[in-house]
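Hi everyone, thanks for coming. I'd like to walk you through one structure today, starting with a ligand and ending with a sheet. Have a look at it while I get going.

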Amino acid sequence: MEILDKENLPGHVAIIMDGNGRWAKHRGLPRVVGHRSGMESVREIVKLCAELKIKVLTLYAFSTENWKRPQEEVDALMNLLVEYLHREIEELVQNDVQIRHIGRATELPAPALEAMTVATERTCKNKGLVLNLALNYGGRTEIVDAMREIAVKVKEGELTVSSIDEGTIDKYLYTAGLPDPDLLIRTSGDCRISNFLLWQLAYTEFWLTPVMWPDFRRRHLLTALIEFQQRERRYGEIKG
Ligand code: IPE
Ligand code: IPE
Ligand code: MG
């Protein structure tokens, strides 16, 4: 079996943490129990990424489409986020993790917004893993928001139309300043993007697994990283 080359890790790992509901259903439990169990996976994976000195980990926690779920489930998910941030903040600070939020912050319920603001401010000077939490995140919404800001800059004369290039768009996305993901993981067997990082995933390597998110452990991430290291990224060129 191949072993992990710690000098050649992806700079940015993004994860679509999917399958909490099915995990619970298979056990005859309410969906929210699946979400709660998924928190344990988050703990473990964040810790491993910090240990490995991966630079950025983006976790898809709640999409702009997830508001369509029953209110009870939406409330449970928001409460779990607040609980996670309260419970984990000391350890995250100790591990030098910098928390960031991507998504439309203004539409979050007040307690979730408050917890996120406190956590980002508390960890903003940390130099280790950037833990990017995608909450009320949608790739299309992100592009809409960027376009609106760019349009305002053009209108105000701060940007010219001909100067707009890919770099300009990067700068106005929620992920401004962060590298694009090198590796995207989706758990639970579905093979779709579900409106995640549409712009940033242009040349990302995908790793899909049938493992449900609450069952996702260190060994699964290590397998994904080892397999990632065997990929040949060509970016449209001819190599080898
Ligand atoms: C992922 O699990 C968590 C969120 C989308 C918030 P799901 O709740 O989507 O679980 P499944 O896909 O229904 O099994
Ligand atoms: C994507 O999962 C969003 C998150 C993991 C937060 P969904 O479960 O919402 O995606 P679909 O609806 O199956 O595409
Ligand atoms: Mg799902």
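**Around ligand 1**

Ligand 1 has 13 residues around it, and the closest are Asp 18, Gly 21, Arg 22, Arg 31 and Arg 69. Here a residue counts as near when one of its heavy atoms lies within 4 Å of the molecule.

Before going on, a word on the ground rules: this is a predicted model, where local features need pLDDT of at least 70 and side-chain atom pairs count only at pLDDT 80 or more, while totals for chains, interfaces and linings use all residues. Residues are numbered from 1 along each chain as its sequence is written, chains are lettered from A and ligands numbered from 1 in the order in which they are written, and side-chain values use heavy atoms, with hydrogens and water left out.

Which atoms lie 2.8 Å from each other at ligand 1? One is an oxygen atom of the ligand, and the other is an N or O atom in the side chain of Asp 18. Arg 31 also has a side-chain N or O atom, 2.9 Å from a ligand 1 oxygen. From Gly 19 comes a backbone N or O atom, 3.4 Å from an oxygen of ligand 1. For these polar contacts, the N or O atoms must be within 3.5 Å.

How much of ligand 1 does the protein bury? On its own the ligand exposes 380 Å², and 87% of that is buried; such areas come from the Shrake-Rupley method with a 1.4 Å probe. Helices α1 (20-26), α2 (31-52) and α3 (71-94) each give two or more residues to this shell, and α1 has the largest share, with three. A helix here is a DSSP run of H or I, at least four residues, and a strand is a run of E, at least two, numbered from the N terminus.

**Over to ligand 2**

Asp 18 turns up again, with a polar side-chain atom 3.2 Å from an oxygen of ligand 2.

Now, β2 belongs to an open sheet of six strands, in the order β3-β4-β2-β1-β5-β6, with parallel pairing. Two strands pair if DSSP finds at least two bridges between them. β3 (98-102) and β6 (205-208) each have a single partner, so one side of each has no neighbour in the sheet. Further in, four bridges join β1 (residues 12-16) to β5 (residues 183-186), and Val 13 stands opposite Leu 183 in β5.

Terms used: Polar contact = N/O pair within 3.5 Å; in protein donor to acceptor, adjacent residues only side chain to side chain.
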